[in-house]
Amino acid sequence: MERKTKIEAEKSKQEIIITREFDLPLELLFKAYVEPEILEQWMGTKVLKLENKPHGGWHFVTTDPMGNQHGFNGVIHEFLPNQKITRTFEMENSSFPVQLEFLEFESLTEGTSRLNMQIVFKSVEDRDNLLKLPFAQGLNMAHNRLQEIVSRIK
Amino acid sequence: MELRRDVFQAIADPTRRAIITLVALQAMTPTAIAENFDSSRQTISKHIQILTACELLEQEQSGREIYYHLNPHKMKEIADFIDPYRKLWDKRFDKLEAVMKKYK
């Protein structure tokens, strides 16, 4: 299977670079990031606030399968349509310090485009902890399934 | 590099991840591990072999029994793996692409 999304996380650097090419014109890719009702669809989140301008704020709330709500928020520093969004990203009620995100949108052909996302962390350790999250969740899921199996046997 | 790929293949399988979580709690014999699954002993034994080959599990002889326990060093190493993180974004972006195609 082709790996469409590329992640670069160089050892001992406190950043992650995420690159993805889309089978979409640049304008549509950018639109997916600025229209709240569209963003809600692909992010699976509720958009409480999204002010697409410098000094603007954003606030999303996601409900996980267990019914717990998780808030995310930040401030927009740069907003250049079809080019660039620079913003902060904070996970509410978590031990993760705020992150700085640079999103660059570029057109490749008439029907394709690329997103380049640079995420800067407070420390290398904070970055590594974030990278480990999905892996830990995967293990937890396996563990839950195991408990189900075990309880069925009992 | 070759070994790293093997380790990732090892943890990509849900049954093998379940074996890891089982053995993480205590050292176990292959029979005891297999009792936790519906799959055949042969299948589980194959999974154990793969996990051992990439050093996630270690063997320990105790009398006539062989016990398997988790190799914490290797676990720490794979905890750095970024593939689950990449998959998360890949899924999210696939969704974006699918949603936006409707607006074309």
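Predicted model: local features only at pLDDT ≥ 70, side-chain atom pairs only at ≥ 80, totals over all residues.
Visitor: Why are helix 1 and helix 2 of chain A called roughly perpendicular?

Guide: The axes of helix 1 (residues 26–34) of chain A and helix 2 (residues 36–43) of chain A cross at roughly 90 degrees. Angles of 65 to 115 degrees count as roughly perpendicular, so helix 1 of chain A is roughly perpendicular to helix 2 of chain A. The two axes also come within 6 Å.

Visitor: Which residues make the contact between these helices?

Guide: Helix 1 of chain A brings K31(A), A32(A) and Y33(A), and helix 2 of chain A brings I38(A), L39(A) and W42(A).

Visitor: What is the make-up of that contact by class?

Guide: The contact of helix 1 with helix 2 of chain A has 5 nonpolar residues, 1 charged residue and no polar ones. Lys counts as charged, whereas Ala, Tyr, Ile, Leu and Trp count as nonpolar.

Visitor: What makes a set of residues in this model a nonpolar core?

Guide: Its members are buried nonpolar residues joined through C-beta atoms within 7 Å. The largest such core has 18 residues, and I19(B), V23(B), I33(B), I48(B), L51(B), L56(B) and L57(B) have the most contacts inside it.

Visitor: Which elements supply this core with two or more residues?

Guide: In chain B they are helix 1 (2–12), helix 2 (14–25), helix 3 (30–34), helix 4 (41–53) and strand 2 (65–70). Helix 2 of chain B gives the most, with 5 residues.

Visitor: What is I19(B) in contact with, leaving aside neighbours within four places in sequence?

Guide: The partners of I19(B) are I33(B), H47(B), I48(B) and L51(B).

Visitor: Where is the second core?

Guide: The second core is separate and has 13 residues, among them L24(A), L26(A) and L39(A) from chain A and L96(B) from chain B. L39(A) also takes part in the helix contact described above.

Visitor: What share of each chain counts as buried?

Guide: A residue is buried if 20 or more other C-beta atoms lie within 10 Å of its own. In chain A, 18% of the 154 residues count as buried, and in chain B the buried residues make up 25% of 104.

Notes. Residues numbered from 1 in each chain as written. Chains lettered and ligands numbered in written order. Axes fitted to C-alpha atoms, helices over the stretch in contact; angles between N-to-C directions. Helix = DSSP H or I, 4+ residues; strand = E, 2+ residues; numbered from the N terminus. Parallel < 35°, antiparallel > 145°, perpendicular 65-115°, else oblique. Contact = placed C-beta atoms within 7 Å. Buried ≥ 20, exposed ≤ 12 C-beta atoms within 10 Å, placed from the backbone.
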